[in-house]
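Student: I am new to this structure. Please take one part of the model and walk me through it closely.

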Amino acid sequence: LAACEPLAAALDEALEELGTIDPQKARIVEMRFFGGMTEEDAASLLGISRSTAARDWQFARVWLRREL
């Protein structure tokens, strides 16, 4: 568990930074990764199209991978 703490802290920091750049993309990550929602569920909750949610999810995953 202790080995996961640095990664969790880095993920939290990166997600915070993404939220300052694009809050919607950060919300998509929270909903999909932490909330277990589908693209359709997240899109519906945010009031956006499924294709926009898919693009936001794809961008956020690439961005977070680069940051981590």
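Tutor: A polar contact is a pair of N or O atoms within 3.5 Å; within protein, one atom must be able to donate a hydrogen and the other to accept it. Keep that in mind for helix α4. This is a predicted model.

Start with Asp-56. This residue sits in helix α4. Its relative accessible area is 7%, so Asp-56 counts as buried, the cut-off being under 20%. Now look at its side chain. It makes a polar contact with the side chain of Gln-24, at 2.6 Å. The side chain of Lys-25 also joins that of Asp-56 in a polar contact, here at 3.3 Å. Leave aside residues up to four places away in sequence, and Asp-56 touches Gln-24, Lys-25, Ile-28 and Ile-48.

Next, step back to the whole helix. Helix α4 covers residues 50-67 and packs with helix α1, residues 5-21. Their axes lie 10 Å apart, at an angle of about 130°. That angle makes α1 oblique to α4. The two helices cross in a right-handed way.

Which residues meet where α1 contacts α4? From α1 come Leu-11, Ala-14, Leu-15, Glu-17, Leu-18 and Ile-21. From α4 come Phe-59, Ala-60, Trp-63, Leu-64 and Glu-67. Sorted by class, this contact holds nine nonpolar residues, two charged ones and no polar ones.

Note on methods
Residues numbered from 1 in each chain as written. Predicted model: local features only at pLDDT ≥ 70, side-chain atom pairs only at ≥ 80, totals over all residues. Heavy atoms only, no water. Axes fitted to C-alpha atoms, helices over the stretch in contact; angles between N-to-C directions. Helix = DSSP H or I, 4+ residues; strand = E, 2+ residues; numbered from the N terminus. Parallel < 35°, antiparallel > 145°, perpendicular 65-115°, else oblique. Left-handed = near helix turned anticlockwise from the far one by under 90°. Contact = heavy atoms within 4.5 Å. Nonpolar A, V, L, I, M, F, W, Y, C, P; charged D, E, K, R; others polar. Buried < 20%, exposed > 50% of the residue type's maximum accessible area, 1.4 Å probe, protein only.
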